[in-house]
Amino acid sequence: MIAICLSIIDIEDEDKFNRFYERYFKLVIFILNDILDNYHEVEDVASECFLEFAKTFHRIKDIESKETENYVKILTRHKGFKAYNKRKNIPEAVDIDSVDDMDPVNMEDAVIGQIRKDKIYNEVFLKIPDRYYEIMYLSVVMGFTPKEIGNILDISIESTYKKLRRARTIIKKILDKMEEG
C-alpha cells in the first residue's frame with residue numbers, strides 16, 4: 001500500500017510521506033478498529049485513508065502539527081463510519097443540507113478571517129456541531145477548497161457550500177456572544 005501512495009506524491013515528498021505514514025498508521029488503525037472491529041476491514045479502510053492522504057499530501061505542511069493530526073482523525077472517522085454503514089446495509093443518510101439555493105460565497109470571508117487572525121478558532125470551533133466542525137476545520141485550518149472537502153467527505157459541492165454557510169452563521173453568532181460577554 002505504501003508503494004502505491006508513494007507513486008501518487010511528488011518524489012521530493014517521499015521521505016516526508018514515509019514519516020507521515022509511520023507517525024499516523026497506528027492512530028488510523030486504532031480509530032478504525034474502534035469503529036469496525038474487523039481487522040481485515042480495518043486494513044482495507046486504512047488503505048483507503050492513506051490513499052486519500054497521498055492525494056491531498058501537498059496540503060500537509062507540518063506532519064507533526066495538531067492540524068494534521070485532526071485532519072487524519074476526521075478523514076479516518078469518516079471513512080470508518082462509511083464502511084460500517086455499508087457493512088450493516090445502512091443506507092447513506094439523505095443529505096438534508098443538499099440545497100437548491102447554492103451561493104458560491106468566498107470561503108475567506110470576514111468571519112473566517114477574524115477567526116484566523118485572532119487565533120481563537122479552537123475555542124469557537126469546539127462550540128459548533130460536529131458536522132460543521134469537520135467541514136470548517138478542513139476549510140479554514142487545512143485550506144481545502146469546497147470541491148476537495150466534498151471529495152473527502154463524499155458530499156456534493158452544493159452541500160459543502162451550504163454547510164460552510166451554516167457554519168459561518170453559527171460562528172458569527174458565537175463571536176457576537178463572545179464580544180458581548
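Buried here means under 20% relative accessible area, exposed means over 50%, and partly exposed lies in between, with a 1.4 Å probe and protein chains only. By that definition arginine 59 and glutamate 148 are both buried. The model is predicted, so local features need pLDDT of at least 70 and side-chain atom pairs count only at pLDDT 80 or more, while totals for chains, interfaces and linings use all residues. Residues are numbered from 1 along each chain as its sequence is written, and side-chain values use heavy atoms, with hydrogens and water left out.

**Salt bridges**
- There are seven salt bridges, each a side-chain nitrogen of Lys or Arg within 4 Å of a carboxyl oxygen of Asp or Glu.
- One of them joins arginine 59 to glutamate 148 at 2.5 Å, N to O, and this pair links distant parts of the chain, 89 residues apart, from the loop between helix 3 (39–55) and helix 4 (66–87) to helix 8 (residues 146–153).
- Glutamate 69 and lysine 73 meet at 3.0 Å, N to O, and together with Lys66 they are linked in a network of salt bridges.
- Glutamate 69 counts as buried because its relative accessibility is 18%, whereas lysine 73, at 22%, counts as partly exposed.
- In helix 9 (residues 157–180), lysine 172 and aspartate 176 lie four residues apart, about one turn of the helix, and their closest N and O atoms are 3.8 Å apart.

**Aromatic residues**
- The count comes to 13 aromatic pairs, where rings of Phe, Tyr and Trp (its six-membered ring) pair if their centres lie within 6.5 Å, planes under 30 degrees apart being stacked, over 60 edge-to-face and the rest tilted.
- One aromatic cluster includes Phe17, Tyr71 and Phe144.

Notes:
Helices (H or I, at least four residues) and strands (E, at least two) are DSSP runs, numbered from the N terminus.
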